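Here is a short report on a protein fold. It covers the sheet, the helices packed on it and the nonpolar cores.

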Amino acid sequence: MRVVSLVPSLTEAVARTLPGALVGATDWCTHPAGLDVVRVGGTKNPGTDRVLALAPDLVIANEEENRAPDLDALRGAGVDVLVTEVRTVPQAFTELERVLDACGAPSRPRWLDEAQAAWAGVPVPERRATAVVPVWRRPWMVLGRDTFAGDVLARLGVDHLYAAHAERYPKVPVDELRAARPDVVVLPDEPYRFTTDDGPEAFPGLPCALVDGRYLTWYGPSLAQAPRALAAALRAALR
């Protein structure tokens, strides 16, 4: 089986489970460290010619991260393309099982059992907090409706204030974000790399939780560590 992954989360999942199956991945596929495969470009602009040159048996993609015209071009060239949809934590586990099965995994990997157990063991929060969750600035964009990251936070007791917005990633002026007076501002380090010096200064007087974007937005082996890591960052900000 020759697999090309256009999704960083899925790249890590396949590489951990089926060493040697991956022949290509995007420039943003940073895990596992030292992954030695052909790079085919970005998630939004993969080089379809480079993908085809690898003669893959399967290309794995995601309906949010990858563009339909690119996937249609691959299908048109005769390539089998599996497209995932991940909007919730349970859906992540279902889709991971589907991907690994399609890639020829002989059995369910241990890391997937560990990840599912980690989320099953998340305690019911004693109290809930509100948040805004910027994912970009210039312009400011935040989590909106129906997102995987929003479901992750909700399971940890954090309700983001734009969960009912008509858009999934709305552009919202920073003055409006501040005026919403959330209990916490959650600042991940991807897709925009918020840092201690770039992000918190825009929200004076509001607690800010700088979090690892991989734990907030990736669905793969990192799911096993995500509940503990994110909960710790949120607790520290909400003290």
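This is a predicted model. Start with the sheet.

**Sheet.** Five strands form an open sheet in the order S3-S2-S1-S4-S5, and their pairing is parallel. The edges are taken by S3 (38-39) and S5 (81-84). Each has a single partner strand, so one side of each is left without a neighbour in the sheet. Further in, S1 (residues 3-5) and S2 (residues 22-25) run parallel and are joined by 3 bridges. Val3 stands opposite Leu22 in S2.

**Helices on the sheet.** H1 packs on the sheet and touches S1, S2, S4 (58-62) and S5. H4 lies across S4 and S5. The angles between directions are listed here.

| Helix | Strand | Angle |
|---|---|---|
| H1 | S2 | about 165° |
| H4 | S5 | about 170° |

H1 (residues 8-17) is largely enclosed by the rest of the structure, because 9 of its 10 residues are buried. The buried residues of H1 include Pro8, Leu10, Ala13 and Val14. Ser9, Thr11, Glu12 and Thr17 are also among them.

**Cores.** The largest nonpolar core holds 53 residues. Which of these touch the most other members? They are Trp119 and Leu223. Helix H4 (residues 89-102) gives the most to this core, with 6 residues. Another core lies apart from it and has 14 residues, including Val174, Ala202, Phe203 and Leu206.

Now look at Trp119. Beyond its neighbours within four places in sequence, Trp119 is in contact with Val89, Phe93, Val152, Arg155, Leu156, Leu223, Ala226 and Pro227.

Conventions
Residues are numbered from 1 along each chain as its sequence is written. This is a predicted model: local features need pLDDT of at least 70, side-chain atom pairs count only at pLDDT 80 or more; totals for chains, interfaces and linings use all residues. Side-chain values use heavy atoms; hydrogens and water are left out. A nonpolar core is a set of buried Ala, Val, Leu, Ile, Met, Phe, Trp, Tyr and Cys residues joined through side-chain atoms within 4.5 Å. Buried means under 20% relative accessible area, exposed over 50%, partly exposed in between (1.4 Å probe, protein chains only). Helices (H or I, at least four residues) and strands (E, at least two) are DSSP runs, numbered from the N terminus. Contact means heavy atoms within 4.5 Å. Two strands pair if DSSP finds at least two bridges between them. Axes are lines fitted to C-alpha atoms, for helices over the stretch in contact, and angles run from 0 to 180 degrees between N-to-C directions.
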